[in-house]
Amino acid sequence: MMNRAINQGAQAGRNQPVMSDQELNNLFNQPAAENRNAGPQVADRAMTYDDVMMKTGVLFTILLAGAVLGWFVPMLAFPAMLIGLVLGLVNAFKKEPNKALIIGYAAFEGVFLGGISALFETQFPGIVLQAVLATLSVFGVMLALFKFKGVRYGSKMMKFMMIAVGGYAIFSLLSFGLAMFTGTSIRSDFSIFGIPLGIVIGIVATVLAAMTLIMDFQMIEEGVKHKIPEKYSWMCAFSLMVTLIWLYIEILRLISYFRD
(Lines give C-alpha, C1' and ligand atoms only; values in the text may rest on other atoms or scores of the structure.)
Protein backbone atom coordinates (compact mmCIF):
# COMPACT_ATOMS: atom_id res chain seq x y z
CA MET A 1 0.00 0.00 0.00
CA MET A 2 2.76 2.41 0.95
CA ASN A 3 4.80 1.64 -2.19
CA ARG A 4 1.74 2.25 -4.37
CA ALA A 5 1.09 5.64 -2.70
CA ILE A 6 4.70 6.65 -3.26
CA ASN A 7 4.51 5.63 -6.91
CA GLN A 8 1.29 7.58 -7.38
CA GLY A 9 2.85 10.67 -5.78
CA ALA A 10 5.87 10.40 -8.02
CA GLN A 11 3.68 10.01 -11.08
CA ALA A 12 1.63 13.09 -10.05
CA GLY A 13 4.82 15.08 -9.64
CA ARG A 14 5.92 14.12 -13.15
CA ASN A 15 2.57 15.32 -14.50
CA GLN A 16 2.98 18.86 -12.99
CA PRO A 17 4.17 21.55 -15.44
CA VAL A 18 7.84 22.41 -15.05
CA MET A 19 8.70 26.13 -14.66
CA SER A 20 11.62 27.58 -16.58
CA ASP A 21 14.54 29.35 -14.89
CA GLN A 22 13.21 32.76 -16.00
CA GLU A 23 9.77 32.04 -14.56
CA LEU A 24 11.32 31.00 -11.25
CA ASN A 25 13.38 34.22 -11.12
CA ASN A 26 10.29 36.32 -11.80
CA LEU A 27 8.41 34.51 -9.05
CA PHE A 28 11.07 35.05 -6.39
CA ASN A 29 11.69 38.69 -7.42
CA GLN A 30 8.04 39.64 -6.81
CA PRO A 31 7.37 41.40 -3.43
CA ALA A 32 5.49 39.48 -0.80
CA ALA A 33 1.71 39.66 -0.98
CA GLU A 34 1.45 41.59 2.25
CA ASN A 35 4.03 44.13 1.05
CA ARG A 36 2.24 44.62 -2.28
CA ASN A 37 -0.97 45.39 -0.44
CA ALA A 38 0.61 47.62 2.20
CA GLY A 39 1.12 50.64 -0.10
CA PRO A 40 -2.50 51.30 -1.08
CA GLN A 41 -3.72 50.50 2.43
CA VAL A 42 -1.42 53.11 3.97
CA ALA A 43 -2.19 55.73 1.31
CA ASP A 44 -5.93 55.24 1.59
CA ARG A 45 -6.09 54.82 5.37
CA ALA A 46 -9.24 56.31 6.83
CA MET A 47 -9.07 59.28 9.19
CA THR A 48 -9.50 58.62 12.92
CA TYR A 49 -10.10 60.82 15.95
CA ASP A 50 -6.52 60.14 17.04
CA ASP A 51 -5.26 61.56 13.73
CA VAL A 52 -7.15 64.81 14.29
CA MET A 53 -6.01 65.06 17.92
CA MET A 54 -2.38 64.46 16.96
CA LYS A 55 -2.45 67.04 14.14
CA THR A 56 -4.20 69.55 16.39
CA GLY A 57 -1.56 69.03 19.07
CA VAL A 58 1.23 69.58 16.54
CA LEU A 59 -0.35 72.79 15.23
CA PHE A 60 -0.91 74.24 18.68
CA THR A 61 2.65 73.40 19.71
CA ILE A 62 3.88 75.37 16.70
CA LEU A 63 1.41 78.17 17.50
CA LEU A 64 2.69 78.41 21.08
CA ALA A 65 6.29 78.51 19.87
CA GLY A 66 5.39 81.41 17.59
CA ALA A 67 3.50 83.10 20.44
CA VAL A 68 6.67 83.10 22.56
CA LEU A 69 8.50 84.96 19.78
CA GLY A 70 5.63 87.41 19.34
CA TRP A 71 5.41 88.01 23.11
CA PHE A 72 9.03 89.19 23.29
CA VAL A 73 8.97 90.98 19.91
CA PRO A 74 5.48 92.55 19.67
CA MET A 75 6.42 94.59 16.59
CA LEU A 76 6.20 91.36 14.56
CA ALA A 77 2.47 91.04 15.31
CA PHE A 78 1.22 93.20 12.43
CA PRO A 79 3.22 91.61 9.57
CA ALA A 80 2.54 88.16 11.03
CA MET A 81 -1.19 88.95 11.04
CA LEU A 82 -1.15 89.88 7.35
CA ILE A 83 0.79 86.76 6.36
CA GLY A 84 -1.43 84.59 8.55
CA LEU A 85 -4.53 86.12 6.95
CA VAL A 86 -3.29 85.28 3.46
CA LEU A 87 -2.33 81.73 4.44
CA GLY A 88 -5.68 81.27 6.18
CA LEU A 89 -7.61 82.30 3.06
CA VAL A 90 -5.47 80.07 0.83
CA ASN A 91 -6.00 77.07 3.11
CA ALA A 92 -9.73 77.76 3.42
CA PHE A 93 -10.28 77.71 -0.35
CA LYS A 94 -7.96 74.81 -1.23
CA LYS A 95 -9.74 71.58 -2.11
CA GLU A 96 -6.84 69.45 -0.93
CA PRO A 97 -5.15 70.11 2.44
CA ASN A 98 -1.57 71.39 2.25
CA LYS A 99 0.43 70.42 5.32
CA ALA A 100 3.15 73.05 4.79
CA LEU A 101 0.67 75.93 4.38
CA ILE A 102 -1.30 74.85 7.44
CA ILE A 103 1.85 74.66 9.57
CA GLY A 104 2.92 78.06 8.23
CA TYR A 105 -0.45 79.51 9.22
CA ALA A 106 -0.06 78.15 12.76
CA ALA A 107 3.42 79.66 13.07
CA PHE A 108 2.50 83.17 11.88
CA GLU A 109 -0.77 83.22 13.83
CA GLY A 110 1.23 82.28 16.91
CA VAL A 111 3.50 85.29 16.42
CA PHE A 112 0.44 87.50 15.96
CA LEU A 113 -1.31 86.17 19.06
CA GLY A 114 1.85 86.50 21.15
CA GLY A 115 2.33 90.11 20.05
CA ILE A 116 -1.22 91.33 20.73
CA SER A 117 -1.37 89.35 23.97
CA ALA A 118 1.75 91.16 25.19
CA LEU A 119 0.20 94.52 24.31
CA PHE A 120 -3.05 93.71 26.13
CA GLU A 121 -1.15 92.35 29.13
CA THR A 122 0.84 95.57 29.41
CA GLN A 123 -2.37 97.61 29.56
CA PHE A 124 -4.47 95.14 31.58
CA PRO A 125 -2.28 92.91 33.76
CA GLY A 126 -3.64 89.39 34.09
CA ILE A 127 -5.97 89.66 31.09
CA VAL A 128 -4.17 87.00 29.03
CA LEU A 129 -4.61 84.35 31.71
CA GLN A 130 -8.28 85.30 32.02
CA ALA A 131 -8.78 85.03 28.25
CA VAL A 132 -7.00 81.67 28.05
CA LEU A 133 -9.03 80.19 30.90
CA ALA A 134 -12.27 81.55 29.40
CA THR A 135 -11.41 80.10 25.99
CA LEU A 136 -10.67 76.67 27.44
CA SER A 137 -13.88 76.81 29.48
CA VAL A 138 -16.00 77.62 26.42
CA PHE A 139 -14.28 74.85 24.47
CA GLY A 140 -14.99 72.35 27.26
CA VAL A 141 -18.65 73.36 27.53
CA MET A 142 -19.25 73.12 23.77
CA LEU A 143 -17.48 69.75 23.59
CA ALA A 144 -19.63 68.45 26.46
CA LEU A 145 -22.80 69.69 24.74
CA PHE A 146 -21.73 67.95 21.55
CA LYS A 147 -20.68 64.66 23.14
CA PHE A 148 -23.12 64.18 25.99
CA LYS A 149 -26.16 66.23 24.97
CA GLY A 150 -26.05 65.26 21.31
CA VAL A 151 -26.13 68.84 20.01
CA ARG A 152 -25.98 68.72 16.21
CA TYR A 153 -26.74 71.17 13.40
CA GLY A 154 -29.15 70.40 10.58
CA SER A 155 -28.68 71.62 7.02
CA LYS A 156 -30.60 74.86 7.62
CA MET A 157 -28.59 75.68 10.73
CA MET A 158 -25.38 74.92 8.86
CA LYS A 159 -26.35 77.41 6.14
CA PHE A 160 -27.23 80.03 8.73
CA MET A 161 -23.88 79.56 10.48
CA MET A 162 -21.95 79.80 7.21
CA ILE A 163 -23.74 83.03 6.31
CA ALA A 164 -23.27 84.46 9.82
CA VAL A 165 -19.55 83.61 9.95
CA GLY A 166 -19.01 84.96 6.44
CA GLY A 167 -20.88 88.14 7.25
CA TYR A 168 -18.89 88.71 10.40
CA ALA A 169 -15.62 88.11 8.53
CA ILE A 170 -16.57 90.78 5.96
CA PHE A 171 -17.58 93.19 8.75
CA SER A 172 -14.25 92.64 10.52
CA LEU A 173 -12.26 93.35 7.36
CA LEU A 174 -14.23 96.54 6.67
CA SER A 175 -13.86 97.64 10.28
CA PHE A 176 -10.12 97.00 10.16
CA GLY A 177 -9.77 98.93 6.89
CA LEU A 178 -11.77 101.86 8.31
CA ALA A 179 -9.58 102.00 11.38
CA MET A 180 -6.39 101.83 9.29
CA PHE A 181 -7.27 104.62 6.86
CA THR A 182 -9.46 106.94 8.95
CA GLY A 183 -8.54 106.16 12.54
CA THR A 184 -12.22 105.54 13.36
CA SER A 185 -13.03 102.40 15.33
CA ILE A 186 -16.56 101.07 15.01
CA ARG A 187 -16.15 99.13 18.23
CA SER A 188 -14.77 101.95 20.37
CA ASP A 189 -16.21 105.15 18.90
CA PHE A 190 -19.87 104.15 18.73
CA SER A 191 -22.42 103.01 21.31
CA ILE A 192 -26.00 101.73 21.60
CA PHE A 193 -28.07 103.15 24.46
CA GLY A 194 -24.88 104.13 26.20
CA ILE A 195 -23.31 100.68 25.80
CA PRO A 196 -20.11 100.66 23.75
CA LEU A 197 -20.72 98.93 20.43
CA GLY A 198 -17.59 96.90 21.01
CA ILE A 199 -19.23 95.08 23.93
CA VAL A 200 -22.32 94.20 21.88
CA ILE A 201 -20.27 93.04 18.91
CA GLY A 202 -17.90 91.16 21.21
CA ILE A 203 -20.70 89.22 22.87
CA VAL A 204 -22.28 88.34 19.52
CA ALA A 205 -18.92 87.30 18.05
CA THR A 206 -18.00 85.20 21.09
CA VAL A 207 -21.31 83.33 20.93
CA LEU A 208 -20.89 82.85 17.18
CA ALA A 209 -17.35 81.49 17.62
CA ALA A 210 -18.53 79.13 20.36
CA MET A 211 -21.32 77.84 18.11
CA THR A 212 -18.80 77.34 15.31
CA LEU A 213 -17.01 74.80 17.51
CA ILE A 214 -20.06 72.53 17.12
CA MET A 215 -19.60 72.75 13.34
CA ASP A 216 -15.96 71.72 13.73
CA PHE A 217 -16.82 68.79 15.99
CA GLN A 218 -19.56 67.68 13.60
CA MET A 219 -17.22 67.92 10.61
CA ILE A 220 -14.68 65.70 12.38
CA GLU A 221 -17.38 63.22 13.39
CA GLU A 222 -18.74 63.00 9.84
CA GLY A 223 -15.25 62.60 8.43
CA VAL A 224 -14.47 59.65 10.71
CA LYS A 225 -17.89 58.14 10.10
CA HIS A 226 -17.57 58.26 6.32
CA LYS A 227 -13.92 57.10 6.43
CA ILE A 228 -12.44 60.02 4.51
CA PRO A 229 -8.68 59.80 3.78
CA GLU A 230 -6.32 60.45 6.66
CA LYS A 231 -4.79 63.52 4.96
CA TYR A 232 -7.97 65.48 5.68
CA SER A 233 -7.20 65.31 9.40
CA TRP A 234 -4.92 68.29 8.69
CA MET A 235 -7.89 70.26 7.40
CA CYS A 236 -9.99 69.32 10.43
CA ALA A 237 -7.21 70.39 12.79
CA PHE A 238 -6.78 73.63 10.83
CA SER A 239 -10.49 74.43 11.08
CA LEU A 240 -10.51 73.75 14.83
CA MET A 241 -7.45 75.93 15.34
CA VAL A 242 -8.95 78.84 13.36
CA THR A 243 -12.09 78.77 15.52
CA LEU A 244 -10.15 78.67 18.80
CA ILE A 245 -7.90 81.54 17.71
CA TRP A 246 -10.99 83.58 16.78
CA LEU A 247 -12.65 82.72 20.10
CA TYR A 248 -9.56 83.71 22.10
CA ILE A 249 -9.22 87.07 20.32
CA GLU A 250 -12.89 87.92 20.85
CA ILE A 251 -12.75 86.99 24.54
CA LEU A 252 -9.50 88.93 25.01
CA ARG A 253 -11.02 92.02 23.43
CA LEU A 254 -14.33 91.62 25.30
CA ILE A 255 -12.60 91.39 28.69
CA SER A 256 -10.61 94.52 27.86
CA TYR A 257 -13.85 96.48 27.35
CA PHE A 258 -15.10 95.51 30.78
CA ARG A 259 -11.77 96.27 32.45
CA ASP A 260 -11.28 99.58 30.67
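Predicted model: local features only at pLDDT ≥ 70, side-chain atom pairs only at ≥ 80, totals over all residues.
Me: What makes K231 and E96 a salt bridge?

Reply: The side chains of K231 and E96 meet at 2.6 Å, N to O. A salt bridge is a side-chain nitrogen of Lys or Arg within 4 Å of a carboxyl oxygen of Asp or Glu.

Me: Are K231 and E96 buried or exposed, or something in between?

Reply: Buried means under 20% relative accessible area, exposed over 50%, and partly exposed in between (1.4 Å probe, protein chains only). K231 has 37%, so K231 is partly exposed. E96 has 38%, so E96 is partly exposed.

Me: How many salt bridges are there in the structure?

Reply: The structure holds six. One of them joins E230 and K55, at 2.7 Å, N to O. E230 lies in the loop between α10 (197-225) and α11 (233-259), K55 in helix α4 (residues 49-72). These partners are 175 residues apart. Why can such side chains pair at all? Side chains of opposite charge can pair when their charged atoms come close.

Me: Why is K55 called buried?

Reply: The relative accessibility of K55 is 5%. That is under 20%, so K55 counts as buried.

Me: What makes R152 and E221 a salt bridge, and which parts does the pair tie together?

Reply: Their side chains meet at 2.8 Å, N to O. That is within 4 Å, so the pair counts. R152 lies in the loop between α7 (127-148) and α8, and E221 in helix α10, so the pair ties together parts 69 residues apart in sequence. R152 is partly exposed, because its relative accessible area is 35%.

Me: How do you know that R152 also sits over a ring?

Reply: The charged end of R152 is 3.6 Å from the centre of the ring of F146. A charge sits over a ring if NZ of Lys or CZ of Arg is within 6 Å of the ring centre and within 35 degrees of the ring normal. The 3.6 Å is within 6 Å, and R152 is listed as sitting over the ring. F146 also belongs to an aromatic cluster with F139 and F217.

Me: How many aromatic pairs does a search of the whole structure find?

Reply: It finds six. One of them is Y105 with F238. Their ring centres are 5.2 Å apart and their planes stand at 75°. Rings of Phe, Tyr and Trp (its six-membered ring) pair if their centres lie within 6.5 Å; planes under 30 degrees apart count as stacked, over 60 as edge-to-face and the rest as tilted. So Y105 and F238 pair edge-to-face. Y105 is in helix α6 and F238 in helix α11, so the pair ties together parts 133 residues apart in sequence.

Me: Are Y105 and F238 buried or exposed?

Reply: Y105 has 6% relative accessibility, so Y105 counts as buried. F238 has 5%, so F238 is buried as well.

Me: Which residues make the nonpolar surface patch?

Reply: F78, L82, F176, M180 and F181 make the patch, of about 540 Å². The elements giving two or more residues are α5 (77-93) and α8 (155-182). Helix α8 gives the most, with three.

Me: Why is F181 called exposed?

Reply: F181, in helix α8, has 75% relative accessibility. That is over 50%, so F181 counts as exposed.

Me: What makes the phi of K227 stand out?

Reply: K227 has a positive phi of about 55° although it is not a glycine. Most residues other than glycine have a negative phi. K227 lies in the loop between α10 and α11. At 60% relative accessibility, K227 counts as exposed.

Me: How many helices and strands does the chain have?

Reply: Eleven helices and two strands. Helices (H or I, at least four residues) and strands (E, at least two) are DSSP runs, numbered from the N terminus.

Terms used
Residues numbered from 1 in each chain as written. Heavy atoms only, no water. Patch = residues over 30% accessible without salt bridge, like charges linked within 9 Å, V, L, I, M, F, W, Y side chains within 5 Å. Areas by Shrake-Rupley, 256 points an atom, 1.4 Å probe, with all protein chains shown as cover.
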